[in-house]
Amino acid sequence: MSKNIILCGVGGQGTILASRLIATAAMDGNIPIKTAETIGMAQRGGSVFSHLRLGEDAHSPLIGKGEVDLIIGFEPGETARQLPFLKKGGAVVVSSRPVMPVSAMIGDAEYDAGQMLDYLKENVERLTVVDADRAAEELGSAKTLNVVLLGAALRSGELGLAKEDLVSAIRETVPEKFLDLNLKSLAWSGRA
């Protein structure tokens, strides 16, 4: 089993923690993993993405265009930017909540998250859109979006990890005072 995964978003969304949770869960499940992270120039609001390669044939952490099985997008625009990496038939799990990128804040660039989501709907066959605002309201915190997205990716069947290994990774990584909230976030599916 091998999986190529990209996580993408902007600084401050928990993208790097989500990447570490996947890596820890893979190691807990005795799955070889290679990772590479790129963190944007601005700590908050800069582009952030991680490449994760799970499996025996992962010899390099970087993934080529058209080779990604799963994109986990924390922000619609950043997710659209990573689409060239998605292989035919690949899956995307994306948050519906926009975060205006630094480039749009300081320049003349326009940003319309609705257009980005429409673009993803038109170009991705296997798309899961996570209602981030509803998740935050029902869970009582917007800070666990990263774990909500991991839960959606787990349920998609494309993450390539066992639920118990992901739960174990959360227990190993998340501070005790946030543990229950993160476990609830992993299980949150948005279904009534």
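Aspartate 118 is found in helix H4, residues 113-123; helices here are DSSP runs of H or I of at least four residues, strands are runs of E of at least two, and both are numbered from the N terminus. Please note that this is a predicted model, in which local features need pLDDT of at least 70 and side-chain atom pairs count only at pLDDT 80 or more, while totals for chains, interfaces and linings use all residues. Residues are numbered from 1 along each chain as its sequence is written, and side-chain values use heavy atoms, with hydrogens and water left out.

Aspartate 118 has a relative accessible area of 40% and is therefore partly exposed. The term buried means under 20% relative accessible area, exposed over 50%, and partly exposed in between, with a 1.4 Å probe and protein chains only. Together with Glu110, Asp112 and Glu122, Asp118 belongs to a patch of negative charge on the surface. Such patches are made of residues with over 30% relative accessible area and no salt bridge, like charges being joined within 9 Å.

I turn now to the salt bridges. How many does a search of the whole structure find? The search finds 6, a salt bridge being a side-chain nitrogen of Lys or Arg within 4 Å of a carboxyl oxygen of Asp or Glu.

One of them joins glutamate 158 and lysine 3, with the closest N and O atoms 3.0 Å apart. This pair links distant parts of the chain, as glutamate 158 lies in the loop between H6 and H7, and lysine 3 in strand E1, 155 residues away. Both glutamate 158 and lysine 3 are buried.

A second pair is arginine 81 and glutamate 78, at 3.2 Å from N to O. Both residues lie in helix H2, 3 residues apart, about one turn of the helix. Is arginine 81 buried or exposed? Arginine 81 is exposed because its relative accessibility is 52%, whereas glutamate 78, at 6%, is buried.

Elsewhere, salt bridges that share partners join Lys3, Arg126 and Glu158 into one network.

Finally, asparagine 146 is found in helix H6 and, at 3% relative accessibility, is buried. Its side chain reaches the backbone oxygen of glycine 14 at 3.2 Å.

Terms used
Patch = residues over 30% accessible without salt bridge, like charges linked within 9 Å, V, L, I, M, F, W, Y side chains within 5 Å. Areas by Shrake-Rupley, 256 points an atom, 1.4 Å probe, with all protein chains shown as cover. Lys, Arg positive; Asp, Glu negative; His and termini not counted. Charge placed at Lys NZ, Arg CZ, Asp CG, Glu CD. Polar contact = N/O pair within 3.5 Å; in protein donor to acceptor, adjacent residues only side chain to side chain.
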